[in-house]
Amino acid sequence: MLLPLFFFFFFLLHLHLSSSSISFPDFQIIDVLQPPLTVTETLPDFNNTHFSDESNSKYTLRLLHRDRFPSVTYRNHHHRLHARMRRDTDRVSAILRRISGKVVASSDSRYEVNDFGSDVVSGMDQGSGEYFVRIGVGSPPRDQYMVIDSGSDMVWVQCQPCKLCYKQSDPVFDPAKSGSYTGVSCGSSVCDRIENSGCHSGGCRYEVMYGDGSYTKGTLALETLTFAKTVVRNVAMGCGHRNRGMFIGAAGLLGIGGGSMSFVGQLSGQTGGAFGYCLVSRGTDSTGSLVFGREALPVGASWVPLVRNPRAPSFYYVGLKGLGVGGVRIPLPDGVFDLTETGDGGVVMDTGTAVTRLPTAAYAAFRDGFKSQTANLPRASGVSIFDTCYDLSGFVSVRVPTVSFYFTEGPVLTLPAKNFLMPVDDSGTYCFAFAASPTGLSIIGNIQQEGIQVSFDGANGFVGFGPNVC
């Protein structure tokens, strides 16, 4: 379990509709603790953890962070951090390769379902994604852990007969034992929506290659997924017979990206592309949540326009205009966060990337602003991808400056301290949890999103922050 940071509750989250009329707390007070690394011995019981509010058609599933999975252990925080950063570097490289290519997806969908949701779990220790949900696949439903990914569109699970499969926590799904499994024909319009599709004995074959060399290959099918009491029929899903890569522990992947083949896209006729999540903080025994449907959109959130990139329709881009430290807006180059007409640059919100990446010029100014306001704290050597670290081993508590994101049309998001200053070892070393991007693309990672209610209104093109924390 990573070392926790504690801070005054009233400083936890500040969301304002106008950056010009609201002043921010300049500093947060945090306690410095160094508890030993612990490993969860068993997975949480998810049989009774689905919950829903049927009175307003909102259904919620738990999100589990990968730190809760016991199959991979770490010697210490240093070992855990470096493994996580290696995966994070692969993830960022994969995103950059995908955006540099030409990806086209239609926005139509034939699939509808009532609003529903799921709890969210993190999958860090499994070598796969960051967060997991528990979903019933087939009829009768077989519960499976699936990675959620806001930057992917495909829904898939490993399937029998499994010619090449990685190790997963649950038995591999057997379509022969499901009464609702239906193969998709080559001539189907659903098959046409798969970028890399083919034909075999009249059936639609799919292939998804991920940027780190991972892949899934198999048969495209229509299958039933079950969320608590909600049954979702005819979901276009990949039945993977050959799978390899960083998915160990999960049965497959639930793509919730912006494309038509994602789970969100397939349900857009009913839900309007509305969903929300609250990512559980790393190193805790709590769970987050993933909620689908219009009822998932909270009253009182601060809304930021989504920006569409035709070259990368799977990703959720937002308009970011500035950065602040200690209540002071940092001078940045003009247009450093803009999405160009050619699809370069811009700012992506991603659940699969841990550490927020910023263009080098923006990161350097941001980092230097933070360093100038923490000059009283003893510095430590850089760790992994972090170049700004502090030795807090001799402190009981420290005072650190506030960090803020300034978004298009006014909203400002001020982060809790644990979302920008994180422990990286057992000795009291904390690092500024941002890094430079090798290109003009910025990525807001899950560390910066943890504990904040995030909502997407796909029909109207907005993402909301707050008003609640979790």
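1. A residue is called buried when its relative accessible area is under 20%, exposed when it is over 50%, and partly exposed in between. Please keep in mind throughout that this is a predicted model.

2. The disulfide between C389 and C431 has its sulfur atoms 2.0 Å apart, and with 100° about the S-S bond this link is right-handed. Because C389 belongs to strand β25 (residues 389–391) and C431 to strand β30 (residues 429–432), the pair ties together parts that are 42 residues apart in sequence. C431 has a relative accessibility of 0% and therefore counts as buried, and C389 is likewise buried, with a relative accessible area of 0%.

3. C191 and C204 are also joined by a disulfide, with an S to S distance of 2.1 Å, and since the torsion about the S-S bond is about 85°, this disulfide is right-handed. C191 lies in helix α2 (residues 189–192) and C204 in strand β12 (residues 203–209), so the pair connects parts that are 13 residues apart in sequence. Both of these cysteines, C191 and C204, are buried.

4. For C162 and C165, which form a disulfide, the sulfur atoms are placed 1.2 Å apart in the model. C162 is partly exposed at 25% relative accessibility, and C165, with a relative accessible area of 28%, is partly exposed as well. The disulfide count comes to 5.

5. Turning to the nonpolar cores, the largest one holds 70 residues, of which L254, L290 and F434 touch the most other members. Apart from that core lies another of 16 residues, including V190, Y206, V208 and M261.

How values were computed:
Residues numbered from 1 in each chain as written. Predicted model: local features only at pLDDT ≥ 70, side-chain atom pairs only at ≥ 80, totals over all residues. Heavy atoms only, no water. Core = buried A, V, L, I, M, F, W, Y, C linked by side-chain atoms within 4.5 Å. Buried < 20%, exposed > 50% of the residue type's maximum accessible area, 1.4 Å probe, protein only. Disulfide = S-S within 2.5 Å. Helix = DSSP H or I, 4+ residues; strand = E, 2+ residues; numbered from the N terminus.
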